Amino acid sequence: MATGRTHRPATRSRGIPEATVARLPLYLRALTALSERSVPTVSSEELAAAAGVNSAKLRKDFSYLGSYGTRGVGYDVEYLVYQISRELGLTQDWPVVIVGIGNLGAALAGYGGFASRGFRVAALIDADPAMTGKPVAGIPVQHSDDLEKIIAEDGVSIGVIATPAGVAQQVCDRLVAAGVTSILNFAPTVLSVPDGVDVRKVDLSIELQILAFHEQRKAGEETGDESAPPAAAGAVPQAATRTTAESGRKGPDGDVPAVMPA
């Protein structure tokens with residue numbers, strides 16, 4: 001079985017824009033739902049609506065994949081599922097380690113969507129000796145002292161950090177030193193990583209603050225109160241959500257909040 005260490009997705013070498021890459025999982029989710037209903041073809045308008053984008057953007061995105069559909073027929077659902085899965089590297093096995101098995105880490109371990117999307121939870125790791133050997137979602141927790149050995153033996157290139165913020169950077173450094181090159185960070189802190197390591201950050205509090213901003217803006221529009229402050233206390237400034245390309249920093253950590261697949 002192929003592993004994440006020996007096969008890398010080809011999207012960067014083929015020049016697919018990062019914005020397009022970020023939308024591919026949305027298309028795949030919508031297409032998978034259509035496939036499960038045995039829908040053979042779908043129009044760009046229907047698929048765009050299901051994915052939450054406009055049809056012109058969808059057609060542009062698919063042009064990078066070399067898929068243009070058939071006039072009057074649309075796109076072949078099964079072929080697009082395969083094509084997008086291949087571009088995302090989901091036609092192979094990606095072993096993943098989850099570090100930090102508290103409430104969040106345990107919930108991630110039990111998430112059933114990983115296996116169906118090409119990801120295998122290879123190991124659960126925690127620093128608490130009391131957790132060692134305890135089964136979580138059917139997988140025994142291993143102690144963090146064995147982190148490097150686990151990564152080497154399982155050929156892991158993707159790590160998930162679900163630890164408290166205070167130890168997240170230390171865990172990140174160990175993961176990177178052991179050979180992990182992609183990290184999904186749930187800890188409420190910004191991680192520093194070297195070139196060649198990709199980081200995606202999931203921060204639910206930031207997402208809620210952004211929603212609070214929009215709720216206050218809508219409330220101000222309804223009351224006609226133009227003097228209402230533009231953002232709720234604690235809301236994230238616009239600059240804090242700039243992409244890596246805009247800010248000039250290496251690695252997308254903290255810039256574009258990731259979203260767990262449905």
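This is a predicted model: local features need pLDDT of at least 70, side-chain atom pairs count only at pLDDT 80 or more; totals for chains, interfaces and linings use all residues.
Start with helix H8, residues 165–178. It has 14 residues and reaches 20 Å from its first C-alpha to its last, close to the 20 Å expected at 1.5 Å a residue. Which residues of H8 are buried? They are Ala168, Val171, Cys172 and Leu175. Looking down the axis of H8, these buried residues fall within an arc of 110°, so they line one face of the helix. What do the buried residues of H8 pack against? Their partners are strand E3 (94–99), helix H7 (147–154), strand E7 (158–161) and strand E8 (182–185). On the face turned away from the buried side, H8 carries the exposed residues Gly166, Gln170 and Ala177. After H8 comes Gly179, with a positive phi near 115°.

Next, helix H9, residues 204–223. Its 20 residues should span 28 Å at 1.5 Å a residue, and the end C-alpha atoms are 29 Å apart, which agrees. Just after H9, Gly224 has a positive phi of about 75°.

Now the aromatic rings. The count comes to three aromatic pairs. Tyr27 and Phe62 are edge-to-face, 5.0 Å centre to centre with 75° between the planes. This pair links distant parts of the chain, Tyr27 being in helix H1 and Phe62 in helix H3, 35 residues apart. Both Tyr27 and Phe62 are buried. Tyr111 and Phe114 also pair edge-to-face, at 5.0 Å and 85°. Here Tyr111 is partly exposed, at 24% relative accessible area, while Phe114 is buried, at 16%. Finally, ring pairs link Tyr27, Phe62 and Tyr75 into a cluster.

Terms used. Residues are numbered from 1 along each chain as its sequence is written. Side-chain values use heavy atoms; hydrogens and water are left out. Helices (H or I, at least four residues) and strands (E, at least two) are DSSP runs, numbered from the N terminus. The expected span of a helix is 1.5 Å times one less than its number of residues. Buried means under 20% relative accessible area, exposed over 50%, partly exposed in between (1.4 Å probe, protein chains only). The arc is that of the directions from the helix axis to the C-beta atoms. Contact means heavy atoms within 4.5 Å. Rings of Phe, Tyr and Trp (its six-membered ring) pair if their centres lie within 6.5 Å; planes under 30 degrees apart count as stacked, over 60 as edge-to-face and the rest as tilted.
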